[in-house]
Amino acid sequence: MALRPGFADPVHDAQAVFRAALDALSRPARVRPLPTALAPPAPLSPELAALALALADADTPLWLDPPLAGSDDVAAFLRFHTGAPLTADPAEAAFALIADPARCPDFAAFARGAPDYPDRSATLILALRHLDDAAGPAFAGPGIRGRARIDAGPVPADWAGRLAENAAAFPLGIDLILTAPGRIAGLPRAARLLQPAEA
Amino acid sequence: MSAASALPETGYNFAYLDEGTKRMIRRAILKAVAVPGYQVPFAAREMPMPYGWGTGGVQVTAAILGASDVLKVIDQGADDTTNAVSIRRFFGRTAGVATTTRTCEASVIQTRHRIPETPLTEDQILVYQVPIPEPLRFLEPRETETRQLHALGEYGLMHVKLYEDIARHGHIATTYAYPVEVAGRYVMDPSPTPKFDNPKMDDCPALQLFGAGREKRIYAVPPYTRVRSLDFEDHPFRVQSFDRPCALCGAADVYLDEVVLDDAGGRMFVCSDTDHCEARRAAGHAGEQAA
């Protein structure tokens, strides 16, 4: 299959995707639009592709989850457009692209930084089917005025436990960028999942 | 709001920096936002201006700026000082973005040493130029040690410094670059803003990004984040107060600059934030020396 094109306007498209990601991570659990005209090879979603093209390059190893890693077209697309090395070891990854979020590996598989360098941690980018901030579990923390809700799916059964563990390890931890068709939201490590009694 | 003040330059990438550099800075900014107050190392580039003139802030601005942004640049609160004018022209020419001096019209505000008096909104990003990002640097010169102190959350040294102020002067004599604790974890240097501005950082609706070019660090305070100025129960944090209002616009609740008028001791005190002062005068407010 012929290689699919990248951004039509590499400079301004990458800037727009970055600003959406910046807004998402600085205002956790708030859904905002992420328009993209990319048509990457399946099962890579346009949103995953847009974030990879905007943020990844030769300095940032990418880890692909099994559905993505199983596609030669996806690997060729990402290699050509980002130049990023693809790694089979999640602990090496700067970014992890996850097309099957229900089977997202345990967060402990990824780098969560060191006490003196908490920034040396992975960012997981998930392609979800739905993402909605009108309902769902509540979060508090930096970037959130009072509390914010986010309903994301499908997610693993122990999702709440994983998020709680990730926030408890602050300042270490992984950061999550959640995407669904045309939408993006962020759950950085500082976003704390509230217990039902607090929410 | 005005369009670019000079013709856009050709031969440069949008906003001067190459795309690889912008990506590197953007990744550092995202991690800075995820760990509020922590200083993320980044590979700062040489910029076409000397260190100390805002190379860190300029790189952060270049990395976030988009074609539809409206840029305001202030230096000590003023839009019309050399540093502010040259940085505004730089982005007008290399990015072709619209620029403004009005705080309420700007989407990105780059600042040296002040926070605008006009309250910021959710749709704005404030970019600080930072000379020395490490709040503990003058207490502990070794980077390896300060990094450990941050890792351990061990900030006793800073409290000793503030205590020594009290022992020597009877009050906390630190008036600018007053240390703050961000989101209950990292102690951060707010850059050499007067401590008058510290309360504006707390629970601010705008995203605050800090860039230090020479020291190669980026850090951030997300919107609606607790920013607490360090103090003691018996010596609570206080901001400067002025015994007279602005001589031009009569504002009493703002930070003032002293302007020497002659060589016979004449002086006046005026708003450091020129846009705030102009907006008030346009609205009919007048101080004692308003022409």
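Colleague: How many bridges join strand 9 of chain A to strand 14 of chain A?

Modeller: Two bridges join strand 9 (residues 138–140) to strand 14 in chain A, and the two strands run antiparallel. Bear in mind that this is a predicted model.

Colleague: Which residue stands opposite A:Ala140?

Modeller: A:Arg192, in strand 14 of chain A.

Colleague: In what order do the strands of this open sheet lie?

Modeller: The order is 10-9-14 in chain A: three strands, with antiparallel pairing. Strand 10 (148–149) and strand 14 (192–193) of chain A are the edge strands, each pairing on one side only.

Colleague: Now the interface. How many residues does each chain give to the contact?

Modeller: Chain A gives 40 residues, and chain B gives 40 residues. About 3100 Å² is buried between chain A and chain B, with 62% of it on carbon and sulfur atoms.

Colleague: How many salt bridges are there between chain A and chain B?

Modeller: Six. The idea is a Lys or Arg side-chain nitrogen within 4 Å of an Asp or Glu carboxyl oxygen. Take B:Glu122 and A:Arg30: their closest N and O atoms are 3.2 Å apart, so the pair counts as a salt bridge.

Colleague: And how many residue pairs are in polar contact across the interface of chain A and chain B?

Modeller: The rule finds 19, with both residues at pLDDT 80 or more.

Colleague: Which elements of chain A give two or more residues to the side that touches chain B?

Modeller: Helix 1 (10–26), helix 2 (46–55) and strand 6 (117–121) of chain A. Helix 1 of chain A provides the largest share, 11 residues. By class, the side of chain A that touches chain B has 22 nonpolar, eight polar and 10 charged residues.

Note on methods
Residues are numbered from 1 along each chain as its sequence is written. Chains are lettered from A and ligands numbered from 1 in the order in which they are written. This is a predicted model: local features need pLDDT of at least 70, side-chain atom pairs count only at pLDDT 80 or more; totals for chains, interfaces and linings use all residues. Side-chain values use heavy atoms; hydrogens and water are left out. Two strands pair if DSSP finds at least two bridges between them. Helices (H or I, at least four residues) and strands (E, at least two) are DSSP runs, numbered from the N terminus. Contact means heavy atoms within 4.5 Å. Buried area is the accessible area (1.4 Å probe) that two parts lose on being put together, summed over both. A polar contact is a pair of N or O atoms within 3.5 Å; within protein, one must be able to donate a hydrogen and the other to accept it, and residues adjacent in sequence count only if both atoms are side-chain atoms. Ala, Val, Leu, Ile, Met, Phe, Trp, Tyr, Cys and Pro count as nonpolar, Asp, Glu, Lys and Arg as charged, and the others, Gly among them, as polar.
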